[in-house]
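Good morning, everyone, and thank you for making time for this.

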Amino acid sequence: MTTVRQRRVGKGTEAAEDQPSEETNVKPDGKIPPDPPGGKLWNILSITVGGIVAISLGLLTSVYVATLHENDLWFSNIKEVEREISFRTECGLYYSYYKQMIQAASIQQGLHGLVYDNKTESVRTINILERMNVYQEVFLSILYRILPIQQYLEPVYFYIYTLFGLQAVYVIALYVTSWLLSGTWLSGLLAACWYITNRVDTTRVEFTIPLRENWALPFFAVQIAAITYLLRTHLQPAQERLTLMAVFIATFLFSLTWQFNQFMMLIQALALFILDCLDMLPTAKVTWLYIIQISGLLLVCVLQFFNSMILGSLVISFNVSVLIARTIQKNLKKGGLLNRLGKLILHVLLVLCLTLLINKFIKKILNLESDEHIFKFLKAKFGFGATRDFDANLYLCEEAFGLLPLNTFSRLSSTLLFYVYGFVLFLLTVAAVIVAFRNLSGSNQAQLKEKVEEYTVTLKPDAAYSLAHTVLFGCLALSTMRMKYLWTSHMCVFASFGLCSAEVWKLLLKCLHLYTSQRTQVIKYSVPIITLLYISFKFWPGIMDELSELREFYDPDTVELMNWIKSNTPSTAVFAGSMQLLAGVKLCTGRTLTNHPHYEDKNLRERTKQIYQIYAKRSPGEVHGILRSFGTDYVILEDSICYERRHSRGCRLRDLLDVANGHIMDGLGENEPDLKPSVYPRFCEEIKKNLPSYTMHFTRVFQNKTFHVYKLAKHK
């Protein structure tokens, strides 16, 4: 079991004013008056200072997480096999392709090995570039080979430093988004500080470096920043074109680097759809964003050798449906309140029906079943019937796919982030409801306009998008803990924007009948500065203590196993075992696997369920036959799975297998009435007794406190 232990070692000044809000000083004819004398110089100075602060904070964050990673594992001092073992589960699988490309005789040979891979899944040849999002590993390995850095920097450091460098991009993008929303770079500074002080809930890059989300989320943040700028008014045509290009590039890179891209894009498309229906965003810009999503995903689909999971994604079906429905209903945004509501309900139903029809048609044509486990999981998770499906239950029983724990909110509240977020969310939600009602009513009465003027000022299109984005991704995070990182990072942006926004304070002060322009400006700067001072004084000592705490990677049993495999088994040997362990086997030894953690393939899911019968109640002959059908030479049994205590009864892997096989579960507790006792004992326990019925099929060749390796007899 991998652990970390205590390491054994020997004995600014803020500018007074920032960019003006884009809504101020606009003449009736729509033209923006020239800046007063000195105003242009002041804006340049503010942008320069704000830019320097953004880059500095980004680099500091990058160094911070890199230092935490080094201090936690003593990465620079441990052996190569220990470094590779530290890339846990699927992280190790992804990194193995980077290592494979580096070690290949040439770039062409390395690419050929990925396109025609027969070591990731035994007795099958698969295209890694089609099945997995590993273009980033390919690009990085090629870059490492062509740059003159081999004698100065080890491949593993080039890899992890790139990921830590992307954290700088991530923080800068969050900073810029908050700055664009509020008009002051003080907001960006506060967003970055919140991101750092809430690190436990905003990122996990320091201990899951190669995870796909750590590649993808920085590009997603860049995309959101570009969309925020795109939704501003008074953009010149050239600015708009450049911004659309930035949105497309960021969307493409985000989609290329994460297999869950389609689901995140669907939520984003839903946000755009809702706001467009309520007339809160310019329809032309929303249309461009739909097209960019479709084109970005289709380009990724081409690069992934026409990956059917992308073609059958809901987001493509949804975006196409919206564009078709809009063509059919041309007068959607005309008429009174009841007329608009009727058209809107019809429009939503039309889009929903078209989405389901198009998606069903595509999946039928392509015979697509790669993502069915996700929908089974969602169906069971939200209470649409219990399931005995092994794959769905495997997700349901993992804490990462459960509801967001309540202690998350106490941690976020300790930095004041959640309190401020709730305050801003409430104010802007009220504003959104009023603005939506006004838009749907179609009233142009001057009196009504004056009544809601304060609301419309605080809900510009970019702010409206930010509100919809944070609400929808908040719902995702609340339902699935693993997705909280998409929400908490934007929470930092949203809260800091609200705290530094003149429009938000203007709205609040007018409601309290305390509004004056001078008071708004004082509060706009004083409250964020006080918040920053509070965060600094409270959390700076803790950050320094964290940086001074030295630990060491310690997993001698896994190291011993990997060394034994490399020294005592042929390079062509095929290994079976748990998905998590086998990813490390491939990375550390290069041996062929029967299964692995990248679960987005129906055949692999069925294969994994069969391999996992080593932890079920099956006869030795049945298990041997299953393993040999996949070409297995060695099987690795783990005591931590066979005698698992991490999960409660009903969620242990052996329980999931028992239920799927129709057998009653071990231990005290209820069982479903149709489950029956198995006629065979549990394989992983019984094999250790060396009974003749087992030794005729399996010979133990290695064991330590954690692992037992058995060689399979090759019966004809």
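Buried residues make up 55% of the 716 residues in the protein chain, where buried means under 20% relative accessible area, exposed means over 50%, and partly exposed lies in between, with a 1.4 Å probe and protein chains only. Please keep in mind that this is a predicted model, in which local features need pLDDT of at least 70 and side-chain atom pairs count only at pLDDT 80 or more, while totals for chains, interfaces and linings use all residues. Residues are numbered from 1 along each chain as its sequence is written, and side-chain values use heavy atoms, with hydrogens and water left out.

The protein chain exposes about 31,600 Å², of which carbon and sulfur atoms supply 64%; these areas come from the Shrake-Rupley method with a 1.4 Å probe, and for residues only the protein chains shown count as cover. A compact globule with 716 residues would have a radius of gyration near 27 Å, and the protein chain agrees with this at 28 Å, a value taken over C-alpha atoms, the globule rule being 2.2 Å times the number of residues to the power 0.38.

An automatic or database domain assignment gives the bounds of domain 1 (87-149), domain 2 (163-543) and domain 3 (556-712). The centres of domain 2 and domain 3, taken over C-alpha atoms, are separated by 42 Å. Their contact takes 15 residues from domain 2 and 21 residues from domain 3, contact meaning heavy atoms within 4.5 Å.

The protein chain has 34 helices and seven strands, which are DSSP runs numbered from the N terminus, helices being H or I with at least four residues and strands E with at least two.

In what order do the five strands of the open sheet lie? The order is β4-β3-β5-β7-β6, with mixed pairing, and two strands count as paired if DSSP finds at least two bridges between them. Because β4 (592-593) and β6 (698-703) stand at the edges with a single partner strand each, one side of each is left without a neighbour in the sheet.

β6 pairs with β7 (residues 707-712) in the antiparallel sense over five bridges, and the two form a hairpin with three residues between them. Within this pair, T699 stands opposite K711 in β7, while Q703 has H708 as its bridge partner.
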